Amino acid sequence: MIYPNEKSKPTYFTGKERDIILEIHLNGKIRFDILLNTIYSQFGIPYKILNADLEYINGNNFGNIQLKLKVNEISMDDLEHYLKKYKLVNSKIDITQKKEAS
């Protein structure tokens, strides 16, 4: 399995990036490790696994995972298209930046 190295972040996409939490429900159509490899290698999106509740049944992955992603508009559109291709149900939450009151 390939793990992202955030210090050498690839610059495939330009634009303003934001942090989101993406929850994906795996339905057995794609393996967990292939999904993570595609997110990082093909789309150049760094991620952190927040939670993974997976089951491996007869060679298929079922369950859900929560990932913290650093995306921009282009990379998010590409990722959503990829998830629709495999009919993976997903939801995303934008993480807001908190600032100190002065």
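Four strands, arranged in the order 2-3-1-4, make up an open sheet with antiparallel pairing; two strands count as paired if DSSP finds at least two bridges between them. Helices (H or I, at least four residues) and strands (E, at least two) are DSSP runs numbered from the N terminus. The edges of the sheet are formed by strand 2 (47-57) and strand 4 (89-94), each of which pairs on one side only. On average, neighbouring strands of the sheet are turned by 10° against each other, direction ignored. The model is predicted, and local features need pLDDT of at least 70, side-chain atom pairs count only at pLDDT 80 or more, and totals for chains, interfaces and linings use all residues. Residues are numbered from 1 along each chain as its sequence is written, and side-chain values use heavy atoms, with hydrogens and water left out.

Within the sheet, strand 1 (residues 18-27) pairs with strand 3 (residues 60-71) in the antiparallel sense over ten bridges. Ile21 stands opposite Lys68 of strand 3. Helix 2 (residues 73-85) packs on this sheet and touches strand 1, strand 3 and strand 4, contact meaning heavy atoms within 4.5 Å. The direction of helix 2 makes about 5° with that of strand 1; axes are lines fitted to C-alpha atoms, for helices over the stretch in contact, and angles run from 0 to 180 degrees between N-to-C directions.

The largest nonpolar core has 22 residues, of which Ile24, Leu35, Ile39, Leu67, Leu69, Leu79 and Leu83 touch the most other members. Such a core is a set of buried Ala, Val, Leu, Ile, Met, Phe, Trp, Tyr and Cys residues joined through side-chain atoms within 4.5 Å. Strand 1, helix 1, strand 3 and helix 2 each supply at least two residues of the core, and the largest share, five residues, comes from helix 1. Among the residues touched by Leu67 are Ile20, Leu36, Tyr47 and Leu50.

Two aromatic pairs are present. Rings of Phe, Tyr and Trp (its six-membered ring) pair if their centres lie within 6.5 Å; planes under 30 degrees apart count as stacked, over 60 as edge-to-face and the rest as tilted. The rings of Phe43 and Tyr82 have centres 5.6 Å apart and planes at 70°, so this pair is edge-to-face. Phe43 lies in the loop between helix 1 (32-42) and strand 2, and Tyr82 in helix 2, so the pair ties together parts 39 residues apart in sequence. Tyr82 and Tyr86 also form an edge-to-face pair, because their ring centres are 5.2 Å apart and their planes at 65°.

Technical notes:
Buried < 20%, exposed > 50% of the residue type's maximum accessible area, 1.4 Å probe, protein only. Lists of a residue's contacts leave out its neighbours within four places in sequence.
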